[in-house]
Amino acid sequence: MSNEQYFPSVSEIKYEGPDSKNPLAFKWYDPDKKVGGKTMKEHLRFGIAYWHTLCGAGQDIFGSPTFDRAWNSSSDVKASAEAKMHAAFEFFQKIGAEYYCFHDADVIAEADTLAESNERIDFIADLLEKKQQETGIKLLWNTSNLFSHPRFMHGAATNPDADVVAFAGGKVKKMLEVGKKLGAENYVFWGGREGYDSLMNTDMKRELDHLAAFLSMAVDYAKSIDFGAQFLIEPKAMEPTKHQYDHDAATCLSFLREYNLTDHFKLNIEANHATLAGHSFDHELIVASNAGLLGSVDANRGDVLLGWDTDQFAVDFYETSRAMLVILKQGGLGSGGLNFDAKLRRTSTDIEDLFIGHIGSMDAFAFGLLAADKYMTRYDEILSKRYQSFDSGIGKDIESGSADLAALEAHATKIGKPETISGKQEFLENEFNDVIVDVIRGK
Ligand code: XUL
Ligand code: CO
């Protein structure tokens, strides 16, 4: 089985440059090209999402699967997990991604009992470890699926039934052990069912206390087994629940601060989750980054006309450039990376489409990196100029905390009235477009 090729029509994807017309080549992602002292590969740290790329079958809420994947042909649980893993690593190698991410349930089907699921996980974790060693591909993050199984319908850590909370805890414990075994650099908590559909039956305060207790137990257990991965919370506003407790970056920060968890968690910001919360992608990145807690990114996009998590591949150069600007400004993602939490449209049924989707998005982020690098100095200049009145005089006193309202009054009285200063928004928008055009022209 391991010698079987699941993607025989595609060989290793190479960089051919912007003039290439080859859909199976990179136009912007040139892994070893240096940008500001680091290679593109080091900046971008691309990760492949097992659940979409390997498990995605093209189903939607109205229709059955449309993709016919060779690795899904076995009905035996272990044989099918093994086949999927071989397909996965063939894909990771051919696309040239250094990292991957998975939930427990992505790599092998869950059983009804924790003991049987754990036995299955041990089986596949041994194989994953070997594959990682053979290929040099690393685990960006792993996580536990605490949202698909019916037992989690009322939540996992926030379930009103303590037995289910215990089940969720058992699953997380196992995945922390697997993360350690596989050298995961991060561990993600996405609270897919941690929220509510109705306040008629929900004690929000108690559920949030339980969530914090659960996360603290995870912190303690990771410490006890010496698993040093960065813990990440992934904000999402809604879907599947009407309101998710990890609503957006600001809500997560306030939760982490309230329960004294900021030393242990950063945020994993997903573009489509930002838009579901009514924010732009760069807004969420900036909120997390300002707190020093931007840990990693789920790189995808939504559709402005659809109100759900479409998880499309990000291809908009403007958006990726804006995102990369925030990432560059904070000096990179550290142990984080850009994980493609993105899936093919249901109608994109060719096996090559899987490569084309990732290629387009890898190119879009590589392009974004070039544009951000070009714009960085100018961006700093714009911001420092706009706030320069805080560098001296009354502004400096405000920032340092030495001013009081009487001092502000005295200052205002002295100046008579403030000048009118333009925000130059349109000018700056046009200028940013010019930078994008310059990158396209290779200037
Ligand atoms: C769901 C989502 C998840 C997390 C990991 O919207 O983004 O796949 O990234 O659980
Ligand atoms: Co995600």
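The following legends describe close-up views of a predicted model.

View 1. Glu234 (OE), Glu270 (OE), Asp298 (OD) and Asp341 (OD) coordinate the cobalt ion (ligand 2) at 1.9 to 2.2 Å. Along the chain, the donors of this ion follow the spacing E-x35-E-x27-D-x42-D. Glu270 belongs to strand β12 (residues 265–270), whereas Asp341 is in the loop between β14 (338–340) and α12 (351–386), so the pair ties together parts that are 71 residues apart in sequence. Both Glu270 and Asp341 are buried. The arrangement around the cobalt ion (ligand 2) is octahedral because its six donor atoms subtend angles of 80 to 170°.

**View 2. Strand β8 and its pairing with β7.** Strand β8 comprises residues 186–189; Asn186 and Val188 point one way from the strand, while Tyr187 and Phe189 point the other way, and all are buried. β8 pairs with strand β7 (residues 138–143) in the parallel sense, over two bridges. Within this pairing, Asn142 stands opposite Tyr187 of β8.

View 3. β8 and β10 run parallel and are joined by four bridges. Asn186 has Gln230 of β10 as its bridge partner, and Val188 stands opposite Leu232 in β10. β10 also pairs with β12 in the parallel sense, over three bridges. In that pairing, Phe265 of β12 is the bridge partner of Phe231.

**View 4. The buried side of helix α8.** In helix α8 (residues 249–258), the residues Ala249, Cys252, Leu253, Phe255 and Leu256 are buried. These residues cover an arc of only 160° around the axis, which puts them on the same side of α8. Among the elements covering the buried residues of α8 are α7 (204–224), β10 (230–233), β12 and α10 (281–290). Helix α8 is followed by Asn260, which has a positive phi, near 55°.

View 5. Most residues other than glycine have a negative phi, and most peptide bonds are trans. The peptide bond from Glu239 to Pro240, however, is cis, with omega near 10°. Pro240 is placed in the loop between β10 and β11 (243–244). Arg45, although not a glycine, has a positive phi of about 40°. This arginine is placed in the loop between α1 (40–44) and β5 (46–49). With a relative accessible area of 14%, Arg45 is buried, the cut-off being under 20%. Asp311, also not a glycine, has a positive phi of about 50°. Asp311 is found in the loop between β13 (294–298) and α11 (317–329), and at 6% relative accessibility this aspartate counts as buried.

View 6. Ile398 lies in helix α13, which spans residues 393–400. With a relative accessible area of 41%, Ile398 is partly exposed. When residues up to four places away in sequence are not counted, Ile398 touches Phe390, Ala403 and Leu408. Ile398 and Leu408 are ten residues apart in sequence, and their C-alpha atoms are 8.7 Å apart in space.

Key. Residues numbered from 1 in each chain as written. Chains lettered and ligands numbered in written order. Predicted model: local features only at pLDDT ≥ 70, side-chain atom pairs only at ≥ 80, totals over all residues. Heavy atoms only, no water. Donors = N, O, S within 2.8 Å, 3.2 Å for Na, K, Ca; no water. Tetrahedral: all angles 85-135°; square planar, octahedral: opposite > 155°, others 65-115°. Buried < 20%, exposed > 50% of the residue type's maximum accessible area, 1.4 Å probe, protein only. Arc of directions from axis to C-beta. Contact = heavy atoms within 4.5 Å. Pairing = 2+ DSSP bridges.
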